[in-house]
Amino acid sequence: MNQTRCSWANMANPRYLDYHDHEWGVPCHDENTLFEMLNLEGAQAGLSWETILNKRANYRAAFDGWDAGIIARYDAAKVAALLADAGIVRNRLKVAAAITNAQACLRLRDEGLTLDRYLWAFVDNAPIVNHWPSGARPAKTELSDRISKDLLKRGFKFVGSTIVYAYMQGIGMVDDHDETCFKRAVR
């Protein structure tokens, strides 16, 4: 069946289509996936999402299944191993950010918060459904600016407003599917 999808979905990449069809814009409340996606969106900075998506399985293996408790304790030897791993983006700042983000995530837990409760409170626990003309989505919004500032204040890294908005789309805090996309029709 040939379905109409968002204009950005690369029809030639099965991973991309699966991501579009089953994840992007779908509300996510799984702590591990929320942490994974936050870090993958940060890793994407300056690159294409398709590059990161194609390396996603490698990232999961390299970063211990995105277990924040393990990642927060990474030492210099583990960082060196990550920087030598061709299966991920070998950028020292992005690797360091994942460790810092794990530590910040653990601090949230110490405050009695989960990443899920913290993030979804910004949208009153319900996705924002946008209606952008012809798929003309913004790169950031006032809300992503606010979340970005708060994440930075809490010690998270690689969480600028543009990254946060893409993250919000990826985890379904906002539904930015094109009006003609079959995923829009199921809402």
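**Fold and salt bridges**

Modeller: The model is predicted. Among contacts between residues at least 6 apart in sequence, 67% join residues at least 24 apart.

Biologist: How many helices and strands does the protein have, and what radius of gyration goes with them?

Modeller: The protein contains 11 helices and two strands. For 187 residues the globule rule gives 16 Å, and the protein comes close to that value, so it is as compact as a globular protein of that length. The radius of gyration is 16 Å.

Biologist: How many residues apart in sequence are the parts that D64 and K78 tie together?

Modeller: D64 and K78 form a salt bridge, with their closest N and O atoms 3.7 Å apart. D64 lies in the loop between α4 (56-62) and α5 (68-71), whereas K78 belongs to helix α6 (residues 76-83), so the parts that the pair ties together are separated in sequence by 14 residues.

Biologist: In which helix are E142 and R146 four residues apart?

Modeller: E142 and R146 form a salt bridge, the closest N and O atoms being 3.3 Å apart. E142 is exposed at 53%, while R146 is partly exposed at 41%. About one helical turn separates the two residues, and the helix is α9.

Note on methods
Residues numbered from 1 in each chain as written. Predicted model: local features only at pLDDT ≥ 70, side-chain atom pairs only at ≥ 80, totals over all residues. Heavy atoms only, no water. Rg over C-alpha atoms; globule rule 2.2 N^0.38 Å. Contact = heavy atoms within 4.5 Å. Salt bridge = Lys/Arg side-chain N within 4 Å of Asp/Glu carboxyl O. Buried < 20%, exposed > 50% of the residue type's maximum accessible area, 1.4 Å probe, protein only.
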